[in-house]
Amino acid sequence: MNLTSKQNELISNIYNNRRLRNKAILEQRIEEVYEAVPEIEEINRKIASVSISAAKLAIDGDKEALKSLASEIELLSNDKRVTLAGAGYPIDYLDEIFDCPKCHDTGYINGKDCDCLKRTVVTALYSQSNLKDVLSRENFETFNFDYYDNDYVDEKTGKTASENIEDIVDFAHSYIKNFKKDKSSLLFYGSAGTGKTFLINCIAKELIENAFSVIYLSAVQFFDILADESFNNGKSSAYKSVSLSEILDCDLLVIDDLGTEMPTSFTGSALFNCLNERLLRQKATIISTNLGIGDIKQVYTERIFSRTMGNFKLFKFFGDDIRIKKQI
């Protein structure tokens with residue numbers, strides 16, 4: 001899993017907090033049982049004493065005496081379980097507590113990633129992406145091809161809206177499958193309400209589920225962060241949970257609704273610098289916009305147009321406004 005140092009620190013803290021929480025629960029249980037069943041405390045003292053003796057014998061290499069002590073520890077442990085059961089407690093009530101019994105809350109088994117680590121990483125990536133809630137609603141399982149008609153034909157390509165979206169979705173599945181090797185950048189453009197953002201969310205969900213880091217920002221949010229970093233040292237942005245380094249380093253950056261921000265000389269240069277830096281770092285970016293190709297050139301200058309057209313795969317969305325269809 002290719003995580004940033006900040007993400008690795010977050011994951012490490014999650015596991016550390018789990019261990020601390022479970023240790024606190026166990027200590028509370030011990031205190032509770034010792035008060036209710038004093039015999040258990042005495043048995044635990046004996047187990048601890050015998051264990052120390054066993055450790056010394058192990059160092060000295062006295063295998064026969066070690067076996068004898070091991071048997072004694074087992075007898076004491078059985079006695080403890082019987083005493084616990086007799087007092088109305090589960091026999092494992094004083095055993096160590098783990099969220100994941102496989103890796104004992106370390107995240108690793110024999111140096112390899114435990115299944116729980118991937119789940120933890122995915123949960124953390126969802127939180128960072130700004131997409132957790134929306135992706136539960138907008139994903140490939142809820143994608144509906146019925147909103148795209150065969151009657152709507154694009155003059156330039158001769159494709160119907162239905163044929164076009166089927167081709168784009170097929171590409172999206174291939175894009176996800178090969179993302180580890182080929183982190184291409186994509187431009188989704190076309191009229192409003194044709195499913196650009198919905199499909200982006202479908203892609204984002206699948207990538208996050210495969211432990212790739214995704215950050216979603218509207219164009220307004222994106223430029224707000226960049227302006228804040230440039231003029232205020234990152235102190236006043238309304239989106240402080242996302243840093244410039246994360247924008248530049250995440251596996252996939254989504255900039256949604258490009259063109260809805262107030263265009264200035266700053267937005268053009270900031271967009272170019274970000275796209276250029278991510279291309280140099282071989283990081284993928286998906287941009288959606290209601291602007292046409294000619295409009296992008298006019299609004300963001302020749303340099304941005306060249307950078308976008310030359311390094312992004314372009315996909316035109318067309319058809320009826322799905323949001324209006326849903327209301328009918």
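Helix α1 spans residues 5–36, 32 residues in total. From first C-alpha to last it reaches 47 Å, close to the 46 Å expected at 1.5 Å a residue; the expected span is 1.5 Å times one less than the number of residues. Helices are DSSP runs (H or I, at least four residues) and strands are E runs of at least two, numbered from the N terminus.

This is a predicted model, in which local features need pLDDT of at least 70, side-chain atom pairs count only at pLDDT 80 or more, and totals for chains, interfaces and linings use all residues. Residues are numbered from 1 along each chain as its sequence is written, and side-chain values use heavy atoms, with hydrogens and water left out.

Two nonpolar cores follow. Each is a set of buried Ala, Val, Leu, Ile, Met, Phe, Trp, Tyr and Cys residues joined through side-chain atoms within 4.5 Å.

| Core | Size | Members include |
|---|---|---|
| Largest | 49 residues | Phe-188, Leu-199, Leu-252 |
| Second, separate | 27 residues | Ile-215, Leu-226, Ile-247, Ile-304 |

In the largest core, Phe-188, Leu-199 and Leu-252 touch the most other members. Its largest share, eight residues, comes from α7. Leu-199 has contacts (heavy atoms within 4.5 Å) with Phe-140, Phe-143, Ile-168, Val-169, Ala-172, Phe-188 and Phe-317, leaving aside residues up to four places away in sequence.

Helix α7 (196–209) also supplies the lining of the largest pocket, giving the most, four residues. β5 (252–258) and α12 (322–327) each supply at least two.

Key
Buried < 20%, exposed > 50% of the residue type's maximum accessible area, 1.4 Å probe, protein only.
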